[in-house]
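Morning, everyone. Please look at the screen while I bring up the model.

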Amino acid sequence: MTPAPPTTSGPAPARRPGVALVNLGCRVNRVELDLMASELERAGAEVVGEREAAAVVVNTCAVTGEAEAKTRKAVRRVATLPQRPLVVATGCVANLFSDELEALAPGVVVERDKARVAARVIEGLGLVPQAPAPAGDDPAEACASPAHRDAPTPTGRTRPGIKIQDGCDNRCTYCIVWRARGRARSLAADEVLLAVREARARGAREVVLTGINLGSYRDAAAGDLALPGLLDLLLERTDVERIRLSSIEPPDVTPELCAVMAAAGERVAPFLHVCLQSGCDETLRRMARVYRTDLFRHVAATAREAVPGIALGTDLIVGFPGETDAEFEASLAFCREMRFARMHVFRYSRRPGTPAATMPGQVPAPVSAERGRRARELADEMRLAQARSLVGEKDLVVVQSPGRGVSGGLFDAAVDPALPVDSLVRVRVTGVRGDATLETEPL
Ligand code: SF4
């Protein structure tokens with residue numbers, strides 16, 4: 001006879017209030033939402049899908065007109081969900097156009113100060129804020145138990161980002177982010193140390209240092225510590241297994257930074273995403289970028305000399321106002337020369353409120369679409385070539401889901417499905433698939 005299922009006594013546990021998090025835009029926005037998620041979960045909320053949410057946070061993006069349109073659509077969508085959740089909008093569009101955002105739908109709350117977003121949701125849901133638990137002084141001890149090691153990060157992300165910098169003092173003519181986020185400012189080195197130790201204690205194997213203009217990192221109180229010094233400090237005072245830098249401006253890839261990366265060996269990922277935007281000096285001048293191709297060429301050579309095999313990524317804008325056919329060809333030729341392992345191609349889109357939006361020589365959409373297609377074709381070609389150059393090489397892969405991971409050079413890697421998620425595994429690259437995914441075998 002089949003035994004009767006065990007009966008439970010007492011009332012069912014009360015459900016935790018659900019909060020949905022909607023992210024638009026860059027990795028920095030994602031990292032900020034992760035922090036909000038931690039604060040909300042400590043207060044007793046649960047991260048859920050939009051349809052189950054009592055509250056929704058929308059972290060908005062204004063980087064292009066298209067991103068802003070997506071933001072408005074997302075806010076309208078969540079504000080009209082049948083359960084009518086509390087909607088808190090924050091981020092770049094909230095900073096620039098708060099009135100318009102509030103007028104999109106009744107009940108939309110705009111919170112420009114991201115540090116206050118979680119508190120507003122907590123208050124709206126009738127919860128009580130909770131302070132974070134202190135991280136242990138000895139990160140090795142905190143991570144000693146396998147249970148700790150295998151624990152996912154609070155939002156299930158295995159490579160947490162740590163925002164060490166915000167804002168930007170440059171004024172690129174296509175960009176509105178510097179206006180939305182304000183002047184450059186940095187997290188104190190002590191707080192960065194704490195954040196990295198906390199991430200380690202939660203089981204992270206790799207942390208990604210992020211910022212709007214990462215290379216402008218400075219801590220005046222710590223002897224005017226800049227990014228290379230900070231990296232050195234983190235390597236010396238934490239046991240983090242791998243640090244990765246997110247995108248960086250070309251002038252900030254200094255010989256000092258390359259030297260720290262070289263000395264760190266595997267503990268700093270052999271990858272730099274150096275924002276080029278155009279490979280043509282004339283276009284760079286109109287963009288008001290603070291470097292020219294000569295400097296970029298020098299930076300790439302310095303990085304490659306210091307860290308042999310380093311993968312370089314970049315962002316490229318095509319169809320910037322005034323970009324002639326000859327400028328575009330020069331830009332593409334420069335990208336080819338740089339042998340980027342990863343190139344994000346953006347078609348220029350007019351961003352009202354920026355100098356570039358009113359520049360003469362706006363490029364017709366079909367022309368920029370064709371340039372985008374050719375640039376993406378080159379991006380795929382360069383990526384495949386770099387991936388193929390790795391065959392036979394050793395690599396370190398962070399396993400992010402069963403059978404899938406991320407290599408040091410930020411390639412997708414196929415790994416043995418039996419390897420535990422969140423582990424950092426040493427592999428040899430045995431082949432490359434058509435989409436540049438690395439095939440690997442454990443070492
Ligand atoms: S460096 Fe230029 S593109 Fe990047 S955030 Fe600053 S102003 Fe914008």
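Now, what supplies the domain 2 side? β12 (242–245) and α15 (365–388) each supply at least two residues there. α15 gives the most, with 5 residues. Helices (H or I, at least four residues) and strands (E, at least two) are DSSP runs, numbered from the N terminus. By class, this side of domain 2 has 9 nonpolar, 3 polar and 11 charged residues. Ala, Val, Leu, Ile, Met, Phe, Trp, Tyr, Cys and Pro count as nonpolar, Asp, Glu, Lys and Arg as charged, and the others, Gly among them, as polar.

A word on the source. This is a predicted model: local features need pLDDT of at least 70, side-chain atom pairs count only at pLDDT 80 or more, and totals for chains, interfaces and linings use all residues. Residues are numbered from 1 along each chain as its sequence is written, and side-chain values use heavy atoms, with hydrogens and water left out.

Where are the domains? Domain 1 is 18–124, domain 2 is 146–388 and domain 3 is 394–442. These bounds come from an automatic or database domain assignment.

Back to the interface. 23 residues of domain 2 contact 21 residues of domain 3, with contact meaning heavy atoms within 4.5 Å. The buried area is about 1800 Å², and carbon and sulfur atoms give 57% of that. Buried area is the accessible area (1.4 Å probe) that two parts lose on being put together, summed over both.

How many salt bridges cross here? The rule finds 1. A salt bridge is a side-chain nitrogen of Lys or Arg within 4 Å of a carboxyl oxygen of Asp or Glu.
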